[in-house]
Amino acid sequence: MAKGRLISILSLCGWSLAGADKPVSFATDIQPVFESSCWKCHGAAIQLSKLDLRTRESALKGGEKGPAIVPGKAAESKLYRLIAGLEKPAMPMDGKLSDSQIATFKNWIDQGAQWEAAAGGASRDTVAQLSALEEMPIPSEARKYWAFQKPVRRPVPADAELRHPIDRFLEQARRDKGLKHAPLADRSTLLRRAYLDLTGRPPAPAEAAEFLNDAAPGAWERLIEKLLASPHYGERWGRHWLDVARYADSNGFEHDFNRPNAWRYRDYVIRSFNRDTPYNVFLAEQIAGDELDWVTEDSLVATGFLRSHAKVGFREKDNPQFRFEYLDDMIATIGRGVLGLTVQCARCHNHKFDPIAQKDYYRLQASLFGYVEVDHPLTSREEAEAYEKKVAGIEARLSPLKQRVREVEQPYRNTLAQEKYKKYPRNVQEAIATPEEKRTPGQVLLANQVIRTTSVSSQEIDRIIRPEDKAARKVLLEQIHQIEKEHPKPIPMAMGITDGDYRFVPDGPGDEPAPGKGVKKVALEGSYLHRGSGRYQPPPSYFLIRGDQEARGSLMKPGFVTVITNGNPPAELPPPDGHTSGRRRALAEWLGSAENPLTARVIVNRIWHHHFGRGIVPSLDNFGKMGEPPTHPELLDWLAVEFMQRGWSIKQMHRLILTSEAYRMSSQFQDAASADKDPDNQYLWRFRIQRLDAEIVRDAMLASSGALNRQIGGPAVFPPLTEETLASMKYGIWERQEDGPQVWRRSVYVYRKRGLPFPMFEVFDLPDQNISCGRRNVSTVPTQALTLLNSEFVLKQAKLFADRVEEASPGDRERQLELAYQIALSRPPSTEERRVGREFLAKQSLVDLTHVLLNLNEFLYVR
């Protein structure tokens with residue numbers, strides 16, 4: 001045992017027990033390892049980190065991190081240190097070499113790293129190397145995974161006692177598990193459940209009385225239709241989709257710039273849910289709304305979906321190096337949000353768990369690669385062109401004046417910035433002082449980060465500027481101010497995307513446009529108004545080896561995820577006018593096709609989750625092998641097929657689910673045997689209690705107090721924040737608005753600032769606004785109770801709630817107690833609650849009672 005351990009230790013240290021003096025042959029011992037593990041990233045096809053290992057000369061020269069080999073000194077050679085794991089990242093990237101191989105490399109370098117001339121530069125053919133790197137054969141077994149096969153409508157199980165197909169599927173699974181299902185909940189509980197579920201607010205007493213007094217058959221179905229027809233339905237269910245779309249009103253990251261037109265996309269989503277836009281059309285408008293046959297203002301607004309990612313700076317063209325990060329975010333959002341797959345995990349290598357090739361990732365990227373950010377004018381073309389012409393003229397006059405101001409201020413900015421740099425460590429200061437062209441990669445990173453985040457304000461410049469420069473700047477600023485007064489009133493614009501005119505392809509000889517006429521000047525900038533007169537050709541998009549932007553592999557054609565693609569769907573559907581590539585439209589049609597095995601499954605699973613608190617597949621955005629398996633696979637498939645056959649209608653799914661006995665079961669049912677067998681209620685033997693989402697907690701309070709402003713749509717509102725919270729905000733905006741009806745609107749309209757989440761929402765588990773969210777976290781923490789007890793907002797709503805009750809029943813404590821319970825909990829108080837309530841009101845105020853009701857678990861949960 002001791003001998004074996006010694007052998008292992010010596011092997012790991014790089015010593016060959018066969019003898020370090022035995023000559024190592026490059027052709028026999030080293031080149032095969034280079035061919036299998038090294039040359040695909042440092043060979044003919046590509047040289048990551050600018051390192052080429054095909055010849056001794058290039059290896060000695062090395063790459064960005066210095067020489068790879070120091071002959072005679074393996075311990076000092078980068079190549080050896082990386083393959084031995086002595087430095088990070090360990091190489092090769094796709095798997096560790098064996099101990100004997102590492103030992104052989106050490107001996108070879110220590111012996112002088114001899115490189116036989118016959119083998120020098122030997123390499124496989126470049127195309128063959130790329131093919132080996134990029135191609136991933138998908139075995140037939142992989143396609144048999146349940147989620148990669150088209151859903152099949154199984155026969156509904158027979159059950160003489162149950163009529164609803166959902167109940168029959170669920171009951172079959174319960175019987176197999178020996179579970180007893182709960183009875184139906186009482187009508188008051190169902191009423192509150194449906195209102196909060198479909199509209200996100202509790203029913204008013206008059207609305208409750210209307211339903212409870214309706215004894216005619218079909219009362220429940222009539223209630224469902226009433227709620228689905230409510231404009232507040234879209235506010236509730238649109239919010240679920242906005243989580244998926246990672247919607248926010250600001251850019252995020254350091255400067256967190258405001259997005260003044262983002263709210264139009266939010267309102268589009270709400271409208272789409274209210275009018276029950278078929279889900280496949282809803283997807284098409286968001287991914288390719290500018291490429292469809294029916295381009296409308298709404299479809300242009302919808303393209304804001306692809307632009308809703310968090311972004312560095314104000315405009316993408318200001319930071320083009322982040323473009324691949326934004327594309328990755330789009331692919332991640334479409335993958336997780338629509339397909340339920342973590343496609344983004346295949347950016348640098350083939351997916352580790354699912355049969356998703358890295359090439360699939362770059363095919364999808366090619367489908368999106370031509371996008372450019374654009375503000376779509378929501379007015380007539382003539383008015384938009386006139387506005388743009390006027391603004392362009394004003395900007396042309398302003399530009400030289402602003403440049404002159406910058407020239408006056410720049411020396412002072414430089415002086416002040418240099419002083420600020422002195423607070424950083426010496427290595428940072430050295431990086432900044434080093435000329436740009438001589439900086440090492442590490443110095444580039446340090447210098448750029450510090451320079452970008454070090455700002456000098458005009459107030460700081462005012463303290464040191466010379467009087468004559470200050471006077472000259474004042475004159476310039478006054479001229480700028482006068483010209484800016486001429487700006488026309490802004491026209492309505494929608495934040496969206498289209499394809500960019502990266503290159504012009506003439507229709508025929510002599511069809512080249514004149515310079516600057518109808519052709520965009522910057523690749524990352526777009527205008528919906530100005531199109532080239534020829535056919536649009538999308539920019540080239542490449543396979544990126546290891547995800548490195550500088551390591552281009554093959555030119556990519558658009559395509560889809562191979563393992564779930566049936567047949568040969570078109571990857572381009574260019575419109576007749578030729579102004580876009582049609583690649584995004586082809587992607588949208590593939591996503592919304594009945595041939596796609598995942599899209600319908602994923603959305604019906606989301607709907608099920610929001611109704612029952614848990615999806616049939618609990619991992620809503622991961623249907624792959626690392627996700628959780630479905631508890632009821634036959635039911636999921638039946639629902640997916642039914643969804644498509646009913647026209648991809650989300651409201652039809654609501655009707656189907658809410659009319660089942662499963663949705664109407666009691667949550668209070670107790671059965672010890674069922675609880676032992678299924679403690680997590682995976683098989684839905686009783687209704688699952690669910691905590692209200694953060695926004696609905698606030699909305700329910702506003703509805704109970706009678707203060708809820710039910711205005712639909714429009715720009716975001718800014719509920720007041722504490723001075724301490726405002727002081728923590730360095731960049732971006734938070735307008736100071738009075739705490740009153742103007743800001744007491746539905747929470748979906750509260751400004752979504754990525755750098756400063758609204759505190760009350762954050763306490764109640766607002767998801768990360770920077771990425772697509774499938775399922776919100778639900779926590780129980782002390783700060784939630786403290787917020788409900790001490791928040792100025794909650795205290796004010798409790799006071800308004802008490803005023804509402806007092807006004808309805810002045811001086812009548814018994815009636816006030818009854819009404820307070822009806823408003824807050826949609827039911828009368830029990831006998832015990834009446835007794836406790838009377839005693840409470842004899843000692844405490846009505847405001848204290850309403851405050852207690854807003855703190856009850858029953859108020860915060862759907863039961």
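The secondary structure of the protein chain comes to 36 helices and 8 strands, where helices (H or I, at least four residues) and strands (E, at least two) are DSSP runs numbered from the N terminus. The model is a predicted one, in which local features need pLDDT of at least 70 and side-chain atom pairs count only at pLDDT 80 or more, while totals for chains, interfaces and linings use all residues. Residues are numbered from 1 along each chain as its sequence is written, and side-chain values use heavy atoms, with hydrogens and water left out.

**Overall dimensions and cores**

Along its principal axes the C-alpha trace of the protein chain spans about 100 × 85 × 65 Å. Of the 863 residues, 52% count as buried; here buried means under 20% relative accessible area, exposed over 50%, and partly exposed in between, with a 1.4 Å probe and protein chains only. Among contacts (heavy atoms within 4.5 Å) between residues at least 6 apart in sequence, 70% join residues at least 24 apart.

The largest nonpolar core has 173 residues, and those with the most contacts inside it are Trp-241, Tyr-279, Trp-608 and Leu-639. Such a core is a set of buried Ala, Val, Leu, Ile, Met, Phe, Trp, Tyr and Cys residues joined through side-chain atoms within 4.5 Å. The largest share of this core, 8 residues, comes from helix H15 (residues 323-339). Apart from this core lies another, of 23 residues, among them Ile-30, Phe-34, Phe-105 and Ile-109. Leu-639 itself touches Ile-166, Val-604, Trp-608, Ile-616, Met-653 and Leu-656, if residues up to four places away in sequence are not counted.

**The paired strands S1 and S2**

Strand S1 (residues 371-377) is mostly covered, with 6 of its 7 residues buried, and in strand S2 7 of 7 residues are buried. The two strands run antiparallel and are joined by 7 bridges, S2 comprising residues 493-499; strands are taken to pair if DSSP finds at least two bridges between them. Val-372 stands opposite Thr-498 in S2, and Pro-377 stands opposite Met-493. In a regular strand the side chains alternate between the two faces of the sheet. In S2, Met-493, Met-495, Ile-497 and Asp-499 point one way and Ala-494, Gly-496 and Thr-498 the other way, and all are buried.

Helix H21 (residues 467-484) has 18 residues and reaches 25 Å from its first C-alpha to its last, close to the 26 Å expected at 1.5 Å a residue, the expected span being 1.5 Å times one less than the number of residues. Its buried residues are Asp-469, Arg-473, Leu-476, Ile-480 and Ile-483. Seen down the axis of H21, these buried residues fall within an arc of 80°, so they line one face of the helix; the arc is that of the directions from the helix axis to the C-beta atoms. They pack against helix H17 (381-421) and helix H20 (458-464), whereas Pro-467 and Lys-474, on the other side of H21, are exposed.

In helix H35 (residues 846-855), Leu-846, Leu-849, Thr-850, His-851, Leu-853 and Leu-854 are buried. What covers them includes H28, helix H31 (782-790), helix H32 (792-808), helix H33 (813-825), helix H34 (831-843) and helix H36 (857-860).

**Buried polar residues**

Thr-199 is placed in the loop between helix H8 (187-198) and helix H9 (205-212), and is buried, with a relative accessible area of 1%. A polar atom of its side chain lies 2.6 Å from the backbone oxygen of Tyr-195. Leaving aside residues up to four places away in sequence, Thr-199 touches Ala-194, Leu-227, Ser-230, His-232, Tyr-233, Arg-236 and Arg-746.

Asp-699, found in helix H28 (residues 694-705), is buried with a relative accessible area of 2%. Apart from its neighbours within four places in sequence, Asp-699 is in contact with Gly-200, Arg-745, Arg-746 and Ser-747.

**Backbone geometry in loops**

| Cis peptide bond | Omega |
|---|---|
| Lys-88 to Pro-89 | about 0° |
| Met-91 to Pro-92 | near -5° |

Pro-89 is placed in the loop between helix H4 (78-83) and helix H5 (99-110), and Pro-92 is found in the loop between H4 and H5.

Phi of Ala-113 is near 55°, a positive value in a residue other than glycine; this residue lies in the loop between H5 and helix H6 (126-134) and counts as buried at 1% relative accessibility. Phi of Asp-765 is near 70°, likewise a positive value in a residue other than glycine. Asp-765 lies in the loop between helix H30 (759-763) and H31, and is buried with a relative accessible area of 11%.

Definitions and conventions:
A polar contact is a pair of N or O atoms within 3.5 Å; within protein, one must be able to donate a hydrogen and the other to accept it, and residues adjacent in sequence count only if both atoms are side-chain atoms.
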